[in-house]
Amino acid sequence: MLGEGIAKGLVETARNFFGSYVSRERLTTVQYPEERLPQVEAARNFPFLVYDGDDWKAGMRCVACQICEKECPPKCIFIEKSKDKKPDAVGKPQFYPAVFNIDVSVCMSCQICVEVCPFEAIKMNTDFELSTDDRFCGLLWDKERLSRSNEYYHGIHPTEAAEVDARLAEEKAKVEAKAKAAAENTPQTISGAASTR
Amino acid sequence: MAEAADQIFVALERWLVGHTPAGVRPVFAEVISVVALLAVFASLFAMTTVLERKGLGRIQNRYGPNRVGPFGILQPLADGIKSLTKEDIVPQAADRIVHFLAPVVLVLAAFSMYAVLPVGRNMVLANLDAGVLFFFAASSVMEVSIFMAGWSSRNKYSLLGAMRAVAQMISYEVPLILASITAVMAAGSLSTVTIVEKQAGYTGILPHWFVLTPWGFAGFVLFMIATTAESNRSPFDLPEGESEIIAGYFTEYSGFKFALFFLGEYIGMFAMSGLGITLFLGGWTAPLSFLTWVPSYLWFFAKLLFMIAMFIWIRGTLPRLRMDQLMNFAWKFMLPLALINLVTTGVWRFLPHGILRWIVCAVMVVVPYILLGRGLAQGWKLKKRVYRFAE
């Protein structure tokens, strides 16, 4: 008969109406500023620069190779290479970025910079409360604004950060082993070189 | 005591008028009533917007507005400030005068309907002999204003919305008026006050409301369906279908003019509900004979709130109709039912009191409903969709 479906629908909406006052499971809304859902580990927003240790200037992993700048699809990264060199995480003397700016109003969170970085220096942040009243300088983040410690990285992406640390340690060990071998072989090579001469 | 509480506003007005010089008394009395009506129904509008949003939210398992003030009850205030401070944009190609007049005419027409609504015992602005006629005349001015809005905006969406609105409102005005004629027939008067007085008696504890008779019930349901369509509310909100034609005739309205449209629409809805209450739900009379001590205006507003709740409930339940469904429903279902209902009312009037007249009239209501409903539903059978070329 005409109207049966309407009656059924009315019963359903009435059940929703009263049910939402009785059982809290029905209300799926998260009242955001007061309540928050835990963030998913794979969440990502804008890139940040990782540094080791306590001093962001000294521990910065970035060596200003400018690969990310070249690969960035929307061209939101701006890097100026330093004139001098300083030792990096592994101990090799390297350049460092004199200027490292990311325009987050341009950034599209594609993560390509992270994937191309050979030094594990740039990673994706999860911080999303970034509103600012200055739409130019407030959205152009400099080196200092972008730096976050390795501990912070462990805090937001524990699994990924552990993998990165393992890889870096492996690399460091390899370099150290090579250095040791080089140190042991140094006299020989010198003598060999001398002999050939 | 009950009598005093019932007549407190009437007495208050009389007392206020008593302080003015004799020459301006009639005008002053009218002005007081008008101001009171404007204030009461505008604040009812403010209350309804927040209640509706909260109710719809709960129907969809959401909280609804809960940020402004305790439980979000100050939301209308925030909305009002927002709409007052917004830029008032008039499209360059628009007909500026008509564009400005449309919301004004809408609100004026909507408020003028209250002139004949008895909101309580002795509480009616103008007891016209042709009150119901005046009411429908005023309500059809709303269509004109909607078409003014759609036409003057010079926007295809606006015009489409206005055309839909006019087609819909004219179609549904026919069953609306035919449904209300039943009450006029039974009461023998077009005056809203007389119609309410005719329903004021009690048999046992039950009132003599027209809705408690077979023809009255059918008439009430038809009236309310037509009212939903008249006030452009879901499921008959095609004229402003946000997903199809971007709010229809008020696409080009912003700021305070948009708020006026919103106000006019709700005020019109309240007025229509008020007429439904007057014609079928006994106006300001109490629902049970031992409750007559409660002031009459409280009953009117309780019934009005009940009707508003029904509107919100329906809006939260039903999806929007298609244009052909809308027209079929008006002309093939509601119009025949309303016409048969007129005959039923006549039969009810001339049959002797007793069980026989109940049975005859109930059959006259239920059988056409079932048959017409079956006829209407014939086109609705879901079939397997066959594609001629894509198989």
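The structure is a predicted model. Chain A contains an open sheet of 3 strands in the order β2-β5-β7 and another open sheet of 3 strands in the order β6-β1-β8. Chain B has 391 residues, and its secondary structure comprises 14 helices and 2 strands.

**The antiparallel sheet of chain A**

- The strands of the sheet β2-β5-β7 in chain A pair in the antiparallel sense.
- Its edge strands are β2 and β7 of chain A, each of which pairs on one side only.
- Strand β2 (residues 77–81) of chain A is joined to strand β5 (residues 97–103) of chain A by 5 bridges.
- Within this pairing, Phe100(A) in β5(A) is the bridge partner of Ile79(A).
- Strand β5(A) also runs antiparallel to strand β7 (residues 140–141) of chain A, with 2 bridges between them.
- Here Leu140(A) in β7(A) stands opposite Asp103(A).
- As background, strands of a sheet pair through backbone hydrogen bonds, either parallel or antiparallel.

**The mixed sheet of chain A**

- In the sheet β6-β1-β8 of chain A, the pairing is mixed.
- Strands β6 (122–124) and β8 (147–149) of chain A each have a single partner strand, so one side of each has no neighbour in the sheet.
- From one strand to the next, the twist averages 50°.
- Strand β1 (residues 47–51) of chain A runs antiparallel to β6(A), and 3 bridges join them.
- Phe48(A) has Lys123(A) in β6(A) as its bridge partner.

- Asp52(A) lies in the loop between β1 and α2 (56–59) of chain A.
- Asp52(A) and Tyr21(A) are separated by 31 residues in sequence and by 51 Å in space, from C-alpha to C-alpha.

**The overall form of chain B**

- A compact globule of 391 residues would have a radius of gyration near 21 Å, and the 22 Å of chain B agrees with this expectation.
- Along the principal axes, the C-alpha atoms of chain B fill a box of roughly 75 × 60 × 40 Å.
- Of the 391 residues in chain B, 41% are buried.
- Among the contacts in chain B between residues at least 6 apart in sequence, 76% join residues at least 24 apart.

**Helix α6 of chain B**

- Helix α6 (residues 131–152) of chain B has 22 residues, which at 1.5 Å a residue should span 32 Å.
- The end C-alpha atoms of α6(B) are 32 Å apart, in agreement with that expectation.
- Just after α6(B), Arg154(B) has a positive phi of about 55°.
- In general, an α-helix has 3.6 residues a turn, so residues three or four places apart point the same way.

**The contact between the chains**

- Chain A contributes 13 residues to the contact, and chain B contributes 15 residues.
- On the side of chain A that touches chain B, 6 residues are nonpolar, 6 are polar and 1 is charged.

Methods: Residues numbered from 1 in each chain as written. Chains lettered and ligands numbered in written order. Predicted model: local features only at pLDDT ≥ 70, side-chain atom pairs only at ≥ 80, totals over all residues. Contact = placed C-beta atoms within 7 Å. Nonpolar A, V, L, I, M, F, W, Y, C, P; charged D, E, K, R; others polar. Helix = DSSP H or I, 4+ residues; strand = E, 2+ residues; numbered from the N terminus. Rg over C-alpha atoms; globule rule 2.2 N^0.38 Å. Buried ≥ 20, exposed ≤ 12 C-beta atoms within 10 Å, placed from the backbone. Pairing = 2+ DSSP bridges. Axes fitted to C-alpha atoms, helices over the stretch in contact; angles between N-to-C directions. Expected span 1.5 Å × (residues − 1).
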